[in-house]
Amino acid sequence: MDHRQTFTELILPLKDNLFRFGYSFLRDRQKAEDIVQETMLRVWNCREKWQALGNIEGYCMGIVRNLCVDEIRRVKITLSNIEIASEVKSNDHSPVEVYSRKQLKITLDKTIQMLPEKQQQCFHLRESEGRSYDEIAEVLAISMEQVKVNIFRARNFIKKELLKQEAYGL
């Protein structure tokens, strides 16, 4: 199989997952698209090493993660700039319910951003991408026990923060 065919069949289909992964960090559609494009270029430029990589998806996710971390450090994203990832589009809900859901989404996003980086990554891959513990361990190059601990801690932190904010009306 030649490099172009391999790229088209194995790597290019990963772009949507890579985009969602990048978007979960940056909360900026354009920057996430740029990160995915940069990732594709980097993967293409190291095409001679593909055979030795083993897990090309994990390699791509690692590039996206590193580029996102670099971007976050460069821009120093503040919590006030986080966008709502998805709008409530149903007309079946009252304006109060729509507003409440938007506020909950904003609060949840802020709380997730407060998590340590590794917990954020594990939580996103598990809850947003629906990945198994094995897949997360492989993508992030950590043990499955570390994945479980990170997800457990992330869920507990999010639960405590949401309960605290609800109790105090923050």
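What pLDDT does the protein average, and what share of the residues score at least 70? The model is predicted; the protein averages a pLDDT of 81, and 85% of the residues score at least 70. Among the helices, H3 has the highest confidence, at 93, while helix H6 (residues 95–113) has the lowest, at a mean of 79. Over residues 77–91, pLDDT stays under 50. The model has 24 contacts beyond four places in sequence for residues 77–91. Where pLDDT is low, the predicted coordinates should not be read in detail.

The interior comes next. In soluble globular proteins, nonpolar side chains tend to be buried together. Here the largest nonpolar core has 32 residues, and Ile11 and Leu18 have the most contacts inside it. Two or more residues of this core come from each of helix H1 (3–11), H2, helix H3 (29–45), helix H5 (56–75), helix H7 (117–128), helix H8 (133–140) and helix H9 (144–168). H5 gives the largest share, seven residues. Leaving aside residues up to four places away in sequence, Leu18 touches Val36, Thr39, Met40, Cys60, Met61 and Val64.

Ser24 lies in helix H2, which spans residues 15–26. Ser24 counts as buried because its relative accessibility is 9%, and buried means under 20%. Its side chain reaches the backbone oxygen of Phe21 at 2.6 Å. Beyond residues up to four places away in sequence, Ser24 touches Gln113 and His124.

Technical notes. Residues numbered from 1 in each chain as written. Predicted model: local features only at pLDDT ≥ 70, side-chain atom pairs only at ≥ 80, totals over all residues. Heavy atoms only, no water. Helix = DSSP H or I, 4+ residues; strand = E, 2+ residues; numbered from the N terminus. Buried < 20%, exposed > 50% of the residue type's maximum accessible area, 1.4 Å probe, protein only. Polar contact = N/O pair within 3.5 Å; in protein donor to acceptor, adjacent residues only side chain to side chain. Contact = heavy atoms within 4.5 Å. Core = buried A, V, L, I, M, F, W, Y, C linked by side-chain atoms within 4.5 Å. pLDDT = per-residue confidence, 0-100.
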